[in-house]
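Hi everyone, thanks for making time. Let me put the model up on the screen, and then we'll walk through it together.

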Amino acid sequence: MTKTILSRRRFLKTAGVLCASLAGAGALGGCASAAEEAEEAAAEPAPAAEPAPAPEPAPTPQDPSPAAGNVLVAYFSYPETTAASDPDHLTAEEDNSTVVKDGRILGNNEFVAAIIARETGADVFRILTTRTYPADHAGLIAQAQDEINADDRPALAEPVPDLSAYDAVFIGYPIWWADLPPVVRSFLDQADLAGKRVYLFNTHGGSGSAGTEREIARILADSDVSGDNLVISRTVVADSEPDIVAWVRGLGF
């Protein structure tokens, strides 16, 4: 079941929401493992005057959470910004593809990926290409359409990491022309995800998931691609943290 977030966009004002994840979640080609927490339980002894009760039968072992194990978040994010972009005075096009957090400009999918990594303790791999895209929106969408029409596979700037240690992989991307960005197809072609659980999230400007979850399931026929994917309108990404957290926890993490 796809979870689609549709509400009014506003910038998040709570300081420190992503500080831990943005500072602590590294990358493979920058990858960094998140810390794990442990709990302790104390057993209350039987009263001294009472005989010790007979031991209870050992509980039947339970299957682990379906989302347990090592996790990777791989995402493609392309904020339409330049080095001169002012986080306090973004253009409409810049604003559509970004979230401003504590004065820092983040791509929409970068923001979502950071929250998922924080909640799951995942490593992070940002999908990058050696190809240069135009900074202006009209130029970007024209190049994107050319790539999609040509069924292109842009070269990755960093090789796909060894995925053998991961049990679950989140894959995030924007929707371009009601389709997958070609560089995401490059990643899917090169990533060995056979036998792994795959969870999808995407941001969009009106196309929803555009059927990309079915396309990814076809490409990753040997993987367990979840049908419970997260779809977020670009107009509400900055206000979507509670929904992202609820989605992740609903998956069993």
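So, here's one to start with: is the crossing of helix 3 and helix 7 right-handed or left-handed? It's right-handed. On the wording: a crossing counts as right-handed if the near helix is turned clockwise from the far one by less than a right angle, and as left-handed if it is turned anticlockwise.

Before going on, some housekeeping. What you see is a predicted model, where local features need pLDDT of at least 70, side-chain atom pairs count only at pLDDT 80 or more, and totals for chains, interfaces and linings use all residues. Residues are numbered from 1 along each chain as its sequence is written, and side-chain values use heavy atoms, with hydrogens and water left out.

Okay, the overall picture. The chain has 7 helices and 9 strands; these are DSSP runs numbered from the N terminus, with helices being H or I of at least four residues and strands being E of at least two. There are 253 residues, and 43% of them count as buried. Buried means under 20% relative accessible area, exposed means over 50%, and partly exposed is in between, using a 1.4 Å probe and protein chains only. Now take the contacts between residues with a separation of 6 or more: 82% of those come from residues 24 or more positions apart. Contact here means heavy atoms within 4.5 Å.

Back to our helix pair. In general, you describe two packed helices by the angle between their axes and the distance between the axes. Helix 3 covers residues 108–120 and helix 7 covers residues 241–250; their axes come within 10 Å and cross at roughly 45 degrees. The axes are lines fitted to C-alpha atoms, for helices over the stretch in contact, and the angles run from 0 to 180 degrees between N-to-C directions. That's why we call helix 3 and helix 7 oblique to each other. The cut-offs are: under 35 degrees is roughly parallel, over 145 roughly antiparallel, 65 to 115 roughly perpendicular, and the rest oblique.

Who actually meets whom? From helix 3 we have Val112, Ile115, Ile116, Arg118, Glu119 and Thr120, and they meet Glu241, Ile244, Val245, Trp247, Val248 and Arg249 of helix 7. Sorted by class, this contact of helix 3 with helix 7 has 7 nonpolar, 1 polar and 4 charged residues. For the classes, Ala, Val, Leu, Ile, Met, Phe, Trp, Tyr, Cys and Pro are nonpolar, Asp, Glu, Lys and Arg are charged, and the others, Gly among them, are polar.

While we're in helix 7, have a look at Asp243, which sits there too. Asp243 is partly exposed, at 24% relative accessibility.

Next, the inside. In soluble globular proteins, nonpolar side chains tend to be buried together. A nonpolar core, for us, is a set of buried Ala, Val, Leu, Ile, Met, Phe, Trp, Tyr and Cys residues joined through side-chain atoms within 4.5 Å. The largest one has 30 residues, and Ile127, Ile171, Tyr173, Phe187, Leu188 and Leu220 have the most contacts inside it. Several elements give two or more residues to this core, including strand 2 (71–75), helix 4 (137–149) and strand 6 (168–174). Helix 5 gives the most, with 4 residues. Apart from this core lies another one of 27 residues, among them Leu106, Phe111, Ala168 and Leu230.

Let's finish with a few single residues. Where is His204? In strand 7. His204 is buried, with a relative accessible area of 7%. Leaving out residues up to four places away in sequence, His204 touches Ile175, Val231, Ile232, Ser233 and Arg234. His204 and Ala178 are 26 residues apart in sequence, with their C-alpha atoms 8.7 Å apart in space.

Now Ala178 itself, in the loop between strand 6 and helix 5. Ala178 isn't a glycine, but has a positive phi of about 55 degrees. Ala178 is partly exposed, with 43% relative accessible area. Ala210 also has a positive phi, near 55 degrees, and is not a glycine either. You'll find Ala210 in the loop between strand 7 and helix 6 (212–219).

That's it from me, thanks!
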